[in-house]
Amino acid sequence: MIEALRSLQARVTGAAPPPETVTDVAEALEKLAATLEPFTVGERDQIAGHRGDLPGRGQAMSPVLHVDEWDGAHVLGRITFSRFYLGGNWAVHGGAIPLAFDEVLGRLASTGRTAARTAYLHVNYRKITPIEVELRVEAKVDRVEGRKRFLTGALYDGEHLTADAEGLFVELRPGQP
Ligand SMILES: CCCCCCCCCCCCCCCC(=O)SCCNC(=O)CCNC(=O)[C@H](O)C(C)(C)COP(=O)(O)OP(=O)(O)OC[C@H]1O[C@@H](n2cnc3c(N)ncnc32)[C@H](O)[C@@H]1OP(=O)(O)O
């Protein structure tokens with residue numbers, strides 16, 4: 001279902017269908033939304049974002065990370081931004097890149113440790129990040145100071161660094177929302 005939704009997002013973004021097709025598609029989508037409406041559940045029970053066994057945690061908000069290496073200290077993986085993430089000139093939207101970094105760094109920050117939340121995320125855009133190209137992502141825990149975890153990440157198109165990020169993730173205290 002989530003994979004089909006990702007595909008739909010990319011198709012809708014890249015299409016300029018005739019008006020009758022737009023109407024047909026809109027009606028079909030409204031029907032699908034109505035089909036799912038009776039199955040609305042609380043956050044704990046929803047599938048999206050809770051399936052650690054699936055690429056992208058089973059959510060369609062951020063691009064899927066395919067993990068090659070993952071431990072408590074570093075991540076190596078691959079990310080492809082679909083047409084859905086197009087900003088302009090075949091480059092990924094500037095807001096989608098922090099989204100991908102937050103997903104990777106945020107998950108790494110909490111791997112094997114008490115959950116932490118993003119306090120800040122600083123992103124440098126070094127070169128255009130292309131759409132529909134498999135990119136390499138690297139991330140690591142740089143240092144831990146008490147509840148503060150400092151992580152860095154980088155995104156590469158081949159040998160070219162397209163963006164890098166530095167984030168602070170603060171460990172949540174017991175009962176902290
Ligand atoms: C079974 C299936 C599993 C599936 C798999 C699930 C995995 C699931 C993975 C999810 C993957 C996505 C991960 C996304 C992660 C988010 O995106 S989280 C959402 C975005 N972030 C937020 O909404 C955070 C909002 N802010 C807050 O909640 C609070 O401000 C914080 C960040 C928790 C910190 O507040 P606090 O706990 O009261 O901490 P506080 O005492 O103020 O500060 C602690 C220290 O941090 C420093 N600090 C705090 N904020 C800052 C700042 N902005 N700048 C500099 N220093 C700061 C303080 O100065 C202090 O330093 P020290 O004095 O100790 O040296």
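Student: What share of the 177 residues in the protein is called buried, and what makes a residue buried?
Tutor: A residue is buried if 20 or more other C-beta atoms lie within 10 Å of its own, exposed if 12 or fewer, and partly exposed in between, with C-beta atoms placed from the backbone. By that rule, buried residues make up 20% of the 177. Please keep in mind that this is a predicted model, in which local features need pLDDT of at least 70, side-chain atom pairs count only at pLDDT 80 or more, and totals for chains, interfaces and linings use all residues. Residues are numbered from 1 along each chain as its sequence is written.

Student: How many helices and strands are there, and what makes a stretch count as one?
Tutor: Both are DSSP runs numbered from the N terminus: helices are H or I with at least four residues, strands are E with at least two. The protein has three helices and eight strands, in the order α-α-β-β-β-β-α-β-β-β-β from the N terminus on.

Student: Where does H2 lie, in the open or in the interior?
Tutor: Largely in the open, because the number of buried residues in H2 is zero.

Student: Why are S6 and S7 called paired strands?
Tutor: Two strands pair if DSSP finds at least two bridges between them. Nine bridges join S6 (residues 134–145) to S7 (residues 148–157), so the pair qualifies, and the strands run antiparallel. Valine 141 stands opposite leucine 151 in S7. In the hairpin, which has two residues between the strands, glycine 146 takes a positive phi near 60 degrees.

Student: What joins S7 to S8?
Tutor: Ten bridges join S7 to S8 (residues 160–171), again antiparallel. Phenylalanine 150 stands opposite leucine 168 in S8, and glycine 158 in this hairpin has a positive phi near 60 degrees.

Student: What makes arginine 57 stand out, and why is it called partly exposed?
Tutor: Most residues other than glycine have a negative phi. Arginine 57 has a positive phi, near 55 degrees, and sits in the loop between H2 and strand S1 (65–70). Arginine 57 has 19 other C-beta atoms within 10 Å, so it is partly exposed.

Student: Why does glutamate 132 get the label partly exposed?
Tutor: Glutamate 132 has 14 other C-beta atoms within 10 Å, so the label partly exposed applies. Glutamate 132 also has a positive phi, about 60 degrees, and is found in the loop between S5 and S6.

Student: How do you know where the ligand lies relative to the domains?
Tutor: Domain bounds come from an automatic or database domain assignment, which gives domain 1 (1–61) and domain 2 (62–171). Both domains give residues to the shell around the ligand, so the ligand lies between them.

Student: Which residues of that shell are closest?
Tutor: A residue is near a molecule if its C-beta atom, placed from the backbone, lies within 6 Å of it. There are 17 residues around the ligand, and the closest are Gly52, Gly106, Arg117, Thr118 and Ala119. Helix H3 (96–109), strand S5 (116–125) and S8 each supply at least two residues of the shell.
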